[in-house]
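Welcome! Take a moment to look over the sequence and turn the 3D view around before reading on.

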Amino acid sequence: MWPLVAALLLGSCCCGSAQLLFSEVRSVEYTPCNETVVIPCIVRNVETQSTEEMYVRWKLNKTYIFIYDGSKNNSTVEPSFASAKISVSGLLKGDASLKMSKHNAVVGNYTCEVTELSREGKTVIELKYRMDVNCCQGSDCSDEKEKGGCKLASWFSPNEKILIVIFPILAILLFWGKFGILTLKYKSTRTNKRIILLLIAGTVLTVIVIIGAILLIPGENPVKSASGLGLIVISIGILIPLQYNVFMTAFGMTSFTVPILITQVLGYVLALVGLCLCIMACEPVHGPLLISGLGIIALPELLGLVYMKFVASNQRTIQPPRKAVEEPLNAFKESKGMMNDE
C-alpha cells in the first residue's frame, strides 16, 4: 500500500500540477486614451516547450470570440472582434493575454481557457470602461450606466484643484492689499485716474477667477473643468500689468521692483506651458508644473505688498513722479513772472 502511494506522489511531482494556475486579475479598465485594449491572462505553471501542445479559448459571457489551436497553429476569430489576437510566442511564457482595438472592445466578463496537453484551467476578468469626457451631456445615462460607460474620471485630483484655485485667489487678495496702500497713501488727480482703472481691472480679474473656480472644482464635467482651468490660468496674467502700474503709480521702477516683475512673468510662462501640456495630453500628468507656475505668480505679489508696505511706512504719502510735480510748478513760476512784468 505505502509503495503505491509513494509512487503516485512521485509521479505527480514529476508531472507537475494537474491544474493550470493563473495570476489573479479580477478586472481591468480602459479609457478613450487607449488605442489597444489588453485583457491579461497569465499562466504561472506552463511546462510545455512547444505551442503545438497549447490550446487557448477566449469567450465573452457565453460566446467564444477567439480560439487558438496550437496543433494546427490556427486562430479563429469572431467577426465582431476582428482585431482580437494573442502573442503565440508568449504562450510558452504563460502569457495568453487577449489584445484588441478599443473599437472592438465590449464591456463585460471575459473568460480565458488554456489547455496544455492533459492540464487545463480558466480565469475570468471583467473589462470596464472609464470615461474621461462627459458621455451623456444633458441626457439620460441609464442605458450607458448599464454598459459601464458613464463612470466619469476626475481630470485633476482634489488636492491639485485646491492648489490651482488657492494660488490665484491668494495673488488677487495680495493685489487688493497693495491697492489699499496705494489708495490711502497716494493722492493726486493723475493718480485717481489710474486708481479707477486698477479698480476696474482688478474687479474683472476677480470675477473671472471666481467663475473659473466654480467651473473647475466640481469636476463632474471635464469640459467645464478645462474651461475653468483656462479662465484661471490665462486671466491671472493680468496681474503682471496691474503690478507694474501699481509700482509706477507709487514710486516708479526700482532695483527691487524689476526682479519682482521678471519673476512674475516667468511664473506666468511656466503656468501657460503647464496648461498647454495638460490640455494636449489625454490625461493631465503635468499638473505640478502648472501649479508651480501659479505659485510663482503669487510670490511676487507677496513681495510687492511687503515692499510697498515698507516704503509707505517710511513716508507719510508716496510722492508722485518728479516730472509730474515740476511741470505745474514751472508753469506757476512763468505766470507769476509775466504778472510782475505787467
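Which side chain does S97 join in a polar contact of 2.7 Å? The partner is the side chain of D95. Keep in mind as you explore that this is a predicted model.

## Around S97

Let's stay with this serine for a moment. S97 sits in the loop between β5 and β6, the strand of residues 98–101. Is S97 buried or exposed? With a relative accessible area of 6%, S97 is buried, because buried means under 20%.

The side chain of S97 also reaches the backbone nitrogen of C41, at 3.2 Å. Leaving aside residues up to four places away in sequence, S97 touches V38, I39, P40, C41, I42, W58, K85 and I86.

Now find strand β4 (residues 63–69) and strand β5 (residues 74–77). These two run antiparallel and are joined by four bridges. You can pick out a bridge yourself: Y68 has S75 in β5 as its partner.

Four residues lie between the strands of this hairpin. In the hairpin, N73 takes a positive phi near 50°.

## Helix α3

Next, look for helix α3, which covers residues 158–185 and has 28 residues. From its first C-alpha to its last, α3 reaches 41 Å, close to the 40 Å expected at 1.5 Å a residue.

Which residues of α3 are buried? They are K161, I164, V165, P168, A171, I172, L174, F175, K178, F179, I181 and L182. Here is a handy idea to keep in mind while you look at them: an α-helix has 3.6 residues a turn, so residues three or four places apart point the same way.

## Aromatic rings

How many aromatic pairs does the structure hold? There are seven.

F251 has 22% relative accessibility and counts as partly exposed, whereas Y307 has 18% and counts as buried. The cut-off for buried is under 20%.

Definitions and conventions
Residues are numbered from 1 along each chain as its sequence is written. This is a predicted model: local features need pLDDT of at least 70, side-chain atom pairs count only at pLDDT 80 or more; totals for chains, interfaces and linings use all residues. Side-chain values use heavy atoms; hydrogens and water are left out. Two strands pair if DSSP finds at least two bridges between them. Rings of Phe, Tyr and Trp (its six-membered ring) pair if their centres lie within 6.5 Å; planes under 30 degrees apart count as stacked, over 60 as edge-to-face and the rest as tilted. Buried means under 20% relative accessible area, exposed over 50%, partly exposed in between (1.4 Å probe, protein chains only). The expected span of a helix is 1.5 Å times one less than its number of residues. A polar contact is a pair of N or O atoms within 3.5 Å; within protein, one must be able to donate a hydrogen and the other to accept it, and residues adjacent in sequence count only if both atoms are side-chain atoms. Contact means heavy atoms within 4.5 Å.
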